[in-house]
Amino acid sequence: MEFLKLYDEENRDILFSMSWLNKNSIFDKSIGSFEDIDLFTFLENINSFDYTKDIFYDDVYYILEYTQDSIFHLINNINKEIKREHKIVPISQAKEFDKKTILWLSRQDGRTIKEKLKNNKIKAVKRYKNVDTYENRIFKIFLKKLVLIEEKREQIQSNDYLIGKIRQWLRSDDAKSINEYGNIVYNNILLHHPHYSKIFKSYKWLNRLDEKVEFYSTSYIQQIKMIIKFELLTQLQFFTTKAKILPNTLDKNNLNVFDINIKNSLIKIDLESYISKIEENALKEKISFKSIRKFAKWMLENQIKIQNSKNRTFHIDTKNINKIFIDIFRLFPIAKIDTEIINFPITLLQEIDGTIVNANNTKVIDLNHKIYTLPEILKTYDTNMLRVFLEYFEKYFKDKQLNYIIPDYVNIFEFSSVKKTINSYFPNSRNIPKSILAGLQYLFDGNLQKNDTLIYIQKNHDNDLYVTPLLVKYDESLQSITNGLYLEKHPTKKLRSSNDILQSLNDIFTKNTSMKLVNKFLQNGIKGIKKEKIVFYQNKTLIDLKNFKFPNFEKTQLITVKENFHNKKLFQRKNIFINDDKIKNLYNFEKLLEFKKAGFLLWKEHLPRLAMGNIPMNGYFKDFILVDDNSKINDEGVINIENDFLIPANTKELSFPLIFGEDDINYEAYITSNEFPFKEKVQCKLILTYDYEAETPYKLTFVPSDTSLKPLNIKWKKIKNKSFETLIYPEYPDIKKPDNLIEDVIIKEFFKLKNDFMNVKNNRFDEKKPFFLSSSYVKAMFSQFWQNGNSIINTQNEKLKRLVFESINRVLDFKNNLPPALKNNIYLFLSYIQQDLIINKDSEFILNEFRKREHLYGLSLGCLNSKWQEKLFMEISTLAKWKQIIILNIALWRCSEIIKKIDKKSLQIYLIFIENKLQTSEYEKDVIVYLEFLLAVLRMKGIKDSNILHPNNNITKKLLRTLKKRSKYFVENYQLNSKISFGTINKPDILKQMPDVLYAVIYYLSNEDIENKIIINEIKD
């Protein structure tokens, strides 16, 4: 093996360069190969590399690391296969026979079996264990090569125990039975066995070493130049402040052949040109491997002209330390380790060319690539990215108890996944809300009294202000600790949005970039960036925060805080706005755990309201309250729930959206069981427990009153968008063609109008007597005849045609002399017959009359077949929103095609307006209009690519939540009699009392129960 020359004295520099590359790369022992590595991680490894000690990390070192356990296992558990052979043996020793036995017997002398076996011997099958298998031949060859290598390698690094065991095994009977010179076939055992596959992989690795050493011996100058280049880059990164190095990827293949160009990583310094000027003779004669670091420093100071000014190397010593207290969700995490406070450098990741790279301790943030930070985990709850960060912390804190701080504004249901991920890396982790640590400082200072209220303000990623009140309460058992006082944490609530820092950042960056920086770094992160003089890099330009000024914090008024809380125990005595100190928080965290261990609880919680929403009951939907303002947690963490829950019969699964505090969160209570469905409804007692530190703080169990049934543990599931193969929407009712009866009624009414005009002319008109269109029945006939674009032109009744146009002309003649009652009905008539109405200068006044009344306005639009109708339609947008909706609600149910004329943007605005109004509306007629309008625009679901009111749209979900939330008020206070007439609706028994129009809108918004389709029969006028 040519590569054995690697261990000769004259080839030590080649061994050293191989060791340099291997040691500074990352070897994954689980798969037996070097991982892809990014630039910053590589530089961190080089910075900790010792050029005098870390020099024997050749490939054999890593092969032994990878295979050692497998070698020990196989030596003691060598694989053997069972083989068969045939031997003539005494009958007493024969245990197995086959067809060869029968054939052998047939050839023996004698007529009977007894005669054939006269010698008491028989040909039988003998089984034996064979160790000479393909995989064992590879194993033996591999071990013999290791022994041969060790004879050369032991002068630099000895593995006496392992090699001794190998030599001992090679002398064993099993080893001697293996013919390593025999034929070898690569089988599944070599490819997939957990131990033989490692041996096989390492066997092939050994076979490639000759080629690798050959390359190293012929490219030594290239190797040394690259080592010097990366040593320079390392010193620029960790020992200077001026040089700006961008996080980047490293190509593993190029790295293995010592061919990496760093031109795109180093800003304003052409390191490649300095490296190219190093003479080869100097490399061979004057620069030894062990002096590379010293040479690079000399080169940095004398040729590149940059002085080592500051040691930026980050290191932590956690030996003999069991607990870590850390504020981890910061751009610059801070930890308390024993008595020392450790400030981490900037901690972030970047995505470059689809690869996540380390950008920790960077001096420049590359805005041209995606950025990931720990603070934004509290917004995205991205556990995949969190794992990458935790692997970084695991290097320092492996097997330690990690005690971390959580900002109060996080959603504890969403945060559950974050807790689980942290616990998978640090199993004994503990956590605490930040407000408690801030409040404890005031408690320890001894300046508080019972019933004081501490007010803690925080900002989240969107720069929104959140407030957490802490009520000071008394417990006699704490008298010797805190004068009997402890803190009761009340729910955190959003105060308002703030744009103070955004306005300042907008002077430097675009609005989108400013928002992104606040989202990812938070305000304290941006302060840290300015303090550490970290710059941004965007579009080949460096941007600093040297002239950036932080705005003064806008003081929150007490009255603003009080408006958000209705608990009468708060704000009764002294109210104190509190600040926190990031260092004191960590000390208070340690004290808190010590007191808890001693049996003293210094804080408790007054929990926010928690309910399961959308529970159908008595014709409406209501919330099932789990926690309210009067709920209390006992010492075991149990919250008493007085009401029982009824699980309906024939139900395979149940799910109800959760309402947390005053908000609908994107989680649901999911209930299922192997015993579902129950044949009859089952009454259950609810047991709710709470533990802030648990991965899942709330745990809910349904305990059936029937003891033969098992308790049901409820799962909190994130609500995901469902896949809807079929979208259901209300279809426009069938249009009935006008029949002779309708035409006869209309003709008679026109004769009545003719008579009314005569009476007006002769001053004999009496509105107390029946007159034109004073009958509701007649109005319905007119409405039916001219709906959905129908025209008088379509009728064969010439008499009717003549009467219509005569009536229109008479209106023009009498326009200034009509009594109010008759005038109203005549303009109603004109709005009905809009399809046959011709507007010119003489009849322009008719449009003005239409504009005055929303009802006439809506009727007159028809199907927008005339220019005057299009003009009126365009004018709608100038009216108040509620008027627009009234007009469109009439028009949408008069013509099936007009729905296509409303643009998506306007429709979105209408839906938002209606959703807001439905939350507070107390007028029945308004609610009816909103419901009818929603039912009309739900037809948009049937228009290709419209995507309006799709069940997964946010506005659809909001409308559905609002309608269900207010359904009780609507059902108990309104009849909700609509002009829309439905066919038979198969409502669930529990919702029978819900008005049809409300049920229909909820049905179509939710897009569920598609089999029981709701049919619209007709539209009544």
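Tutor: In this predicted model, helix α3 passes helix α6 in a left-handed crossing. The axes of α3 (residues 59-76) and α6 (residues 134-153) come within 12 Å and cross at roughly 130 degrees.

Student: Why are α3 and α6 called oblique to each other?

Tutor: The crossing angle is roughly 130 degrees. Roughly perpendicular covers 65 to 115 degrees and roughly antiparallel requires over 145; α3 and α6 are therefore oblique to each other.

Student: Which residues make the contact, and how do they divide by class?

Tutor: From α3 come Val60, Tyr61, Ile63, Leu64, Thr67, Ile71, Leu74 and Ile75, and from α6 come Phe139, Phe142, Leu143, Leu146, Ile149 and Arg153. By class there are twelve nonpolar residues, one polar and one charged.

Student: What makes α33 roughly parallel to α35?

Tutor: The axes of α33 (residues 904-920) and α35 (residues 954-973) come within 9 Å and cross at roughly 25 degrees. Angles under 35 degrees count as roughly parallel, so α33 is roughly parallel to α35. The crossing of α33 with α35 is left-handed.

Student: Which residues meet between α33 and α35?

Tutor: On α33 they are Gln908, Leu911, Ile912, Ile914, Glu915, Leu918, Gln919 and Thr920; on α35 they are Ile955, Lys958, Leu959, Thr962, Leu963, Arg966 and Phe970. The contact of α33 with α35 comprises eight nonpolar, four polar and three charged residues.

Student: Does aspartate 353 count as buried or exposed, and on what grounds?

Tutor: Exposed means over 50% relative accessible area; at 67%, aspartate 353 counts as exposed. Aspartate 353 lies in the loop between β10 (348-352) and β11 (355-358), and its phi is near 55 degrees, a positive value in a residue other than glycine.

Student: Does asparagine 361 count as buried or exposed?

Tutor: Buried means under 20%, and at 9% relative accessibility asparagine 361 counts as buried. Asparagine 361 is in the loop between β11 and β12 (364-366), with a positive phi near 65 degrees.

Student: What is the omega of the peptide bond from phenylalanine 676 to proline 677, and what is the bond called?

Tutor: Omega is near -5 degrees, and the bond is cis. Proline 677 belongs to the loop between β29 (663-672) and β30 (682-690).

Student: How does the radius of gyration of the protein stand against that of a compact globule?

Tutor: A compact globule of 1021 residues would have a value near 31 Å, whereas the protein has 42 Å. Its C-alpha atoms fill a box of roughly 135 × 105 × 70 Å along the principal axes.

Technical notes: Residues numbered from 1 in each chain as written. Predicted model: local features only at pLDDT ≥ 70, side-chain atom pairs only at ≥ 80, totals over all residues. Heavy atoms only, no water. Axes fitted to C-alpha atoms, helices over the stretch in contact; angles between N-to-C directions. Helix = DSSP H or I, 4+ residues; strand = E, 2+ residues; numbered from the N terminus. Left-handed = near helix turned anticlockwise from the far one by under 90°. Contact = heavy atoms within 4.5 Å. Nonpolar A, V, L, I, M, F, W, Y, C, P; charged D, E, K, R; others polar. Rg over C-alpha atoms; globule rule 2.2 N^0.38 Å. Buried < 20%, exposed > 50% of the residue type's maximum accessible area, 1.4 Å probe, protein only.
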